[in-house]
Amino acid sequence: GGWVLLQNCHLGLDFMDELLETLLTAEIQDDTFRVWITTEPHPKFPITLLQIAIKFTNEPPQGVRASLTRTFSGINQDLLDVSNMPVWKPLLYTVAFLHSTVQERRKFGPLGWNIPYEFNSADFTATVQFIQNHLDECDTKKGISWNTVRYMIGEVQYGGRITDDFDKRLLNCFARVWFNENIFDSTFCFHTGYKIPVCKTLEQYFEYIQSLPAVDSPKVFGLHPNADITYQSNTAADVLDTITNIQPKESGAGPGETREAIVYRLAEDMLEKLPPDYIPHEVKSHLIKMGQLNSMNIFLRQEIDRIQKVITILRNSLNDLKLAIEGTIVMSEANALDNMYNARIPQVWRRVSWDSSTLGFWFTELLERNTQLSTWIYEGRPNVFWMTGFFNPQGFLTAMRQEATRAHEGWALDAVTIHNEVLKQNKEEITAPPSEGVYIYGLYLEGAGWDRRNSKLIESTPKILFVQLPVVHIFAVNTT
């Protein structure tokens, strides 16, 4: 009648088959016997074992109310009464609120954190322990050393997990605004309606937490209301993706075209529009004319090699798919057929190319990228470059730096940095290339707006998620 607990079973998948065999064959005398398994999601986990098990997942709760409830459930009355200093309880609540905020910001993707960090209750416990120790040792006359508290939170306890400079800046900003003398002021609030309660018992805290709104505005976490639109649309896209993935593939024998006929027509259409291959000796002769060893032309050559690879793979797999649908060869492209029918990019193509929301957008982008490269090599260098149409945009900027360094005598590549200036024109208004550096377009702002008249960032306009920047002039400056 005992319980067996097996942890981290994704590390021992071979044993799972044995376990399944044991469970199915052993005669278990007692009804109260249970086997508990903990595991991370894993594609090779035995499916039969999953089917006979009752499964549950432990996800962090959504929203400040649920998150604070969970945090305070792990606190006992002794911890509340551990210090008789009046600053202790507000500080404890502020740490709990910060803990909820860093967790909640994750759901907004790159708008919340550039990298989604795994914050957990250990961070909270360690921070509370530190504040407790700090209060025990601090001089009652001098009071709390806020700099120490902010440093420990922003750089060590929570900040220790953070690897991105901008994320570190964000966390330190929260620490600066929320950990100072103002939190003991009765008018202080994290956001309208989210204040620090004055309570003596855990019950009173739970009562206050229950009075918080069930759904939080992104403003509570320091985000613009637009962030909520992004989050909601991403969630909806995930749900719909899952639904299309598990839909039965065989359609009924009703009227209308079959899946195969639709995909066949699509494949023919794409083959027709597919640009011709680059002929190596032609490319080479044009590069020699333009100056083969110029860093920009070396970059161009690498880009052409990569786009050629995409075109070749696309042409071969579409031709194979057509033959497979006709029944001439064995259908090895079943995956591509399903993906194309659902307007998704087949895995084989995505591996050598770029990400896009649908197949149509992806294919249009292929044609546009190709147009930029073929115009550049056959008709000469463009006045404005479509920056996001390159496989390696960083390489493009490095080539530009090298070009500028070589043009000036006495400049060293290490001492040259890239500067930029956002112009007021759009790409159609540009008629000549800059005297130095490059003009680029195609960059978008997310989470901010752009004031054209004064050339500066402003708050986003409600319901407008992306704003296209005008042409940007990128040039190199010698720092020495």
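Begin by selecting Phe174 and Trp178, both of which belong to helix 8 (residues 165–178), where they are four residues apart, about one turn of the helix. Helices here are DSSP runs of H or I with at least four residues, strands are E runs of at least two, and both are numbered from the N terminus. The model is a predicted one, in which local features need pLDDT of at least 70 and side-chain atom pairs count only at pLDDT 80 or more, while totals for chains, interfaces and linings use all residues. Residues are numbered from 1 along each chain as its sequence is written, and side-chain values use heavy atoms, with hydrogens and water left out.

**The aromatic pairs**

Phe174 and Trp178 are both buried; buried denotes under 20% relative accessible area, exposed over 50%, and partly exposed in between, with a 1.4 Å probe and protein chains only. A search of the whole structure finds 31 aromatic pairs. Rings of Phe, Tyr and Trp (its six-membered ring) pair if their centres lie within 6.5 Å; planes under 30 degrees apart count as stacked, over 60 as edge-to-face and the rest as tilted.

Next, select Phe97 and Tyr194. Their ring centres are 6.1 Å apart and their planes stand at 70 degrees, so this pair is edge-to-face. Because Phe97 lies in helix 5 (residues 88–104) and Tyr194 in strand 4 (residues 194–195), the pair ties together parts that are 97 residues apart in sequence. Phe97 is buried at a relative accessible area of 0%, and Tyr194 is buried at 5%. Returning to Phe174 and Trp178, their pair is tilted, with 4.9 Å centre to centre and 40 degrees between the planes.

Now extend the selection to Phe72, Tyr93, Phe97, Phe174, Trp178, Phe188, Phe190, Tyr194, Tyr205 and Tyr208, which form one aromatic cluster.

**Charges over rings**

Select Lys107 with Tyr231: the charged end of Lys107 sits over the ring of Tyr231, 4.6 Å from its centre. The criterion is that NZ of Lys or CZ of Arg is within 6 Å of the ring centre and within 35 degrees of the ring normal. Then select Arg369 and Phe391, where the charged end of Arg369 sits over the ring of Phe391 at 5.3 Å from its centre.

**A histidine in helix 6**

Move to His134 in helix 6 (residues 121–137). His134 is buried, with a relative accessible area of 14%. Leaving aside residues up to four places away in sequence, His134 touches Ile144, Ser145, Thr148 and Val149; a contact means heavy atoms within 4.5 Å.

Asn8 is found in the loop between strand 1 (3–6) and helix 1 (13–25), and is partly exposed at 43% relative accessibility.

Ala343, likewise not a glycine, has a positive phi of about 60 degrees. This alanine, Ala343, occupies the loop between helix 14 (334–341) and helix 15 (347–352); Ala343 is partly exposed, with a relative accessible area of 36%.

**The domains**

Finally, colour the chain by domain: domain 1 (3–52), domain 2 (64–227), domain 3 (258–381) and domain 4 (382–479). These bounds come from an automatic or database domain assignment. Over C-alpha atoms, the centres of domain 1 and domain 3 are separated by 46 Å.
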